[in-house]
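Hi there,

Here is the structure I promised to send over. Could you have a look at the aromatic side chains while you read my notes below?

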Amino acid sequence: MVAGPIVKFKDFLKITNERESSMHNFALGARLYMRGFVKRFALGAVLNDAFEGVFGAKLEDVSGMMAFAMLIMVSLMMYAILSGYSDMGTGIALMFGIKLPVNFRDPFFSATLDIYFQRFMVTIFDYVNDYIIRPIAGNELKSKRGFIATALGFFMIAVWYRENPKSLLIALPIVVVAAGFYALGVGERIKKYKVAPFLLGILTFAIISVF
């Protein structure tokens, strides 16, 4: 349930009213479920075991290359586990003809932190945008009030994943930078360029991995 996709009630009513049971949807749903199952248990669980093995090692036994591999490993593990569960839930719904929205939209190809927040669990961002950012900011997203509203919204997304106070403290700088980017529309402007989004995407992935 934490992995989503979490759909607003009004949208869920519309989706269920448009439900279409067919062998085609059942087959697509079964395939989506199995893809999520493989993500969660063949990739996520294996990466989790490997990560805990390295994390439990003595500091002097961990090389620089191993530490770098851990950074990559933990990001892929989080994505595999959460998106795997999401695909499984979406697949089961589709088997019954219910088409739920996409919940993960290629987050590791995000040029900036604000785009990453929007793409990693799309449905959570929709909630935050509808019930926190827009009501507080109004039409003044680029104002101080808009920045505060965005920072509060992104912080709530961080709380969704990391309820540990120390982790949330570490997340604060990322939340502030992401909120600033979103309020100023930096991510949308960068999309216009060809090479920059790819290079910045690597940097964003590295920052998220460290977090």
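Y79, F104, Y116 and F120 come together in one aromatic cluster. Please keep in mind that this is a predicted model.

Counting over the model gives 10 aromatic pairs. One of them joins Y79 and F104, whose rings are 5.8 Å apart centre to centre, with 85° between the planes, an edge-to-face arrangement. This pair links distant parts of the chain: Y79 belongs to helix 3 (residues 64–95), while F104 is in the loop between helix 3 and helix 4 (113–119), 25 residues apart. F104 is buried, at a relative accessible area of 11%.

Another pair to look at is F125 with Y182. Their ring centres are 5.8 Å apart and their planes meet at 80°, so this pair is edge-to-face. Because F125 sits in helix 5 (residues 122–137) and Y182 in helix 7 (residues 165–184), the pair ties together parts that are 57 residues apart in sequence.

K8 lies over the face of Y127, 5.5 Å from the ring centre. For R40, the charged end sits over the ring of F41, at 5.0 Å from its centre.

Happy to go through any of this with you.

Best wishes

Conventions. Residues are numbered from 1 along each chain as its sequence is written. This is a predicted model: local features need pLDDT of at least 70, side-chain atom pairs count only at pLDDT 80 or more; totals for chains, interfaces and linings use all residues. Side-chain values use heavy atoms; hydrogens and water are left out. Rings of Phe, Tyr and Trp (its six-membered ring) pair if their centres lie within 6.5 Å; planes under 30 degrees apart count as stacked, over 60 as edge-to-face and the rest as tilted. Helices (H or I, at least four residues) and strands (E, at least two) are DSSP runs, numbered from the N terminus. Buried means under 20% relative accessible area, exposed over 50%, partly exposed in between (1.4 Å probe, protein chains only). A charge sits over a ring if NZ of Lys or CZ of Arg is within 6 Å of the ring centre and within 35 degrees of the ring normal.
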